[in-house]
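These notebook entries record what I looked up in one structure.

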Amino acid sequence: MMSDHYVKVKVQLEQMKSFGKEDAEKNEEEEEEEGVDAEKQTSMSSPPPALVSPDPPSITTADRDASNTSITCKHRGGKSRGGKNSSGKHNITDLALHGSGKKSNRLGGHERTLHIRGTGKILQGKSENNGNYVTIHPSKNIQETCREDVFKHARKRRPVTVDTAKAKTSLEALKLSIKQLKWKEFPLGRRAPCDIYWHGVSFHDNENIASGQVNKFPGMIEMLRKINMSRAVRTMQELFPDEYDFYPRSWILPEEYQQFATQIRMVKENDATVNPTFIVKPDSGSQGDGIYLIRDPSDLKLMGGSQAKQSVVQEYIHKPLLIDKLKFDIRLYVLLKSMEPLEIYIAKEGLTRFCTEPYQEPSQKNLSHVFMHLTNYSLNVHSCNFVHSDSQSTGSKRTLSSVLYRLAAKGVDIKKVWSDIIALVIKTIIAVVPELRVYYQADIPPGKPGPTCFQILGFDILLMKNLKPVLLEVNSNPSMRIEHEQEVAPGVFEYVPSPVDEEVKVGVIRDTLRLMDPFSRKSSISQPKAGGFEHREEIPMEAETQEKSPDDGALPSLCLKQVYPKYTKQFNHLRLVERIAALFIRFLGVKGNMRLGPTAFRTFIRTCKLSNSNFTMASVDILYIDITRRWSGAMPDSREAGMGLQAFVEAFFHLAGRRFKVLTMREQVVSLVELCEAQLEAPSSVEDRRSVSCSRALPRTNRTQTLGLANPQLDSPAPTRRAASQDYRLHQRLKPRTLRANVEN
């Protein structure tokens, strides 16, 4: 019996050896094609440790390395006790079978015992610690599971490839991160696709990407400009005023100048002692360029050359929290890992940037003192009082943790501060995601090959004296430079390393790459429908529970903390505008379009059954013309005709107010969203069939399946011609300058 047993084990050893060699040869061929160093990346050619014979009574494993987390027969690089390294030499693993109380035979001069380092996973069995050994009782599926794990670990994965040709100022931090991860960098790009593309400015830095992952979302730059950001938050303030009180009151210039001037005059007339201060920010400005303070609307610099300056004017926060009598702000790094499903991570460490002149409340005398009122690093670095420090807790730029530690020493509830900051971040991203979805579907339409996206954002947050966080702005391209400019001689400047920047930024980039590792285990995240009100358990943090890759052994724990969907229960009800955006995208028509034409708007009204005897289709046309014309005047740079998402949201709010007059505004919008979604989910009516050509374009087979009908007339170009002629006639009505009044009946 034991001789038969020996033969079976020997056959399995040979089979596993052949599998290991085939996988190693296959990996070598792939690495040669990609230009990867074969010696470093070749899979281990030694055969994987043999599986035990069928139905073994037990497997006894030596517990030698408590840090190893898997009992799978995994090769280790380097030398092991009692054996040689993993490049084709003997491993320390020996095979042992415990028979029915009999002494086991020897195989190849070794005892047939399987010594596996570490306690590891228990494969459908339980473990018992007996001294230095772990006894694993078998289950009927132990062989299949072990075989899968052996094959998986026998094929040493190739390194992740990163294209850094467009990385720009983040290049040095990116290089350090890639080196720590032992990934493969392509500084000049390459013809074959890379796993990750790192862009320095926008999604469109490289137009020829059909796969992989890009570190920029299309439309992020446009969405985070001052005006668009203010409009997005203002929409949320209309629906959730108490939830979005962290953003200062804002006016968009020049279109809201009269409104701004009138409101300020009324405030001063009511109380002559009140003299508020305002801060003016150019729409597309950055690094503090063009920012100034005013106390009267007449001080506004509305003209820039021959054109009016697009800008935002906000209430100035005149009672900020001070440290060392200096005003400061927080730069927090936030990773938007994906939009579908929505995943948000916040860096546990950030930066604090200090002013270089002691703070005084604004007055007419000190309004121009930028080193007192503006925290922008790019401005204060030119002050003679700016302090470059290698310490994380001193100087004009410090780590966030050092500031929080100092506040905690004074009795501040740091957990409450962090909780408020996390809520601010989640709410802000929820506000901008609807418009981002429109940009995303325009650049990467459903069904079209394209990359997936992620992005690191820079949140600038100010703490008020009462410790309430206030959002100043969100940067789509936060600086990832890890050196600073320093004057080494009169008039001579050079870049020198900045330990504080390196400490924070390298960790953010490195751990972002780790989270985006295409070979890591992807956990499925289930989220309720956006805007839903259902209660659910908090989702565990993926960042703290995910498996480490083979190269992660020497890396620190992730510095990025998942906050969404972890806190879905608290914030999912805020995703109401996303549901409106989904309706908007559904009726856009042509793939890649970002604006709704008049025929598509009529189709939306008809499909959702929103017209009646008091609100006819003629009234629908007038509503479309009025809102579209007003928004085209507010956005003079827009080259596309039609109704954008923000204009559609305004029209949607108007329709909700007409239909559900007795409800509050939020209830009106929720009711109309639910009504539209119910109509779209209901079986299609005859009227719906006529409007199919204007709905969101789908593949022909999917379109008929989705609508629950198979009408051959839908493939005819006639509906398209009719839609085009209706668009033309309605656009002709946009030419007159006189605005039509909204129809109320």
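Entry 1. I looked up Phe-217 and found that it counts as buried, at 4% relative accessibility; buried means under 20% relative accessible area, exposed over 50% and partly exposed in between, with a 1.4 Å probe and protein chains only. The model is predicted, so I note that local features need pLDDT of at least 70 and side-chain atom pairs pLDDT 80 or more, whereas totals for chains, interfaces and linings use all residues. Residues are numbered from 1 along each chain as its sequence is written, and side-chain values use heavy atoms, without hydrogens and water.

Entry 2. Phe-217 and Tyr-440 form a tilted one, with 6.2 Å centre to centre and 50° between the planes. (Rings of Phe, Tyr and Trp, the last by its six-membered ring, pair if their centres lie within 6.5 Å; planes under 30 degrees apart count as stacked, over 60 as edge-to-face and the rest as tilted.) Phe-217 lies in the loop between strand S9 (213-214) and helix H5 (220-223), and Tyr-440 in helix H11 (residues 414-443), so the pair ties together parts that are 223 residues apart in sequence. Helices (H or I, at least four residues) and strands (E, at least two) are DSSP runs, numbered from the N terminus. Tyr-440 counts as partly exposed, at 22% relative accessibility.

Entry 3. I then asked which residues have the most contacts inside the largest nonpolar core. They are Leu-332, Phe-459, Phe-601, Phe-604 and Phe-652, in a core of 109 residues. (Such a core is a set of buried Ala, Val, Leu, Ile, Met, Phe, Trp, Tyr and Cys residues joined through side-chain atoms within 4.5 Å.) H11 gives the most to this core, with 18 residues. Domain 1 (220-248 + 317-518 + 556-567) and domain 2 (575-679) both contribute residues, so the core lies between them; the domain bounds come from an automatic or database assignment.

Entry 4. Ring pairs link Phe-601 into a cluster with Phe-584, Phe-587, Phe-604, Tyr-624, Phe-648 and Phe-652. Beyond its neighbours within four places in sequence, Phe-601 is in contact (heavy atoms within 4.5 Å) with residues including Leu-596, Val-620 and Met-643.

Entry 5. S26 pairs with strand S18 (residues 342-347) in the antiparallel sense over four bridges; pairing requires at least two DSSP bridges. Tyr-345 stands opposite Gln-562 in S26.
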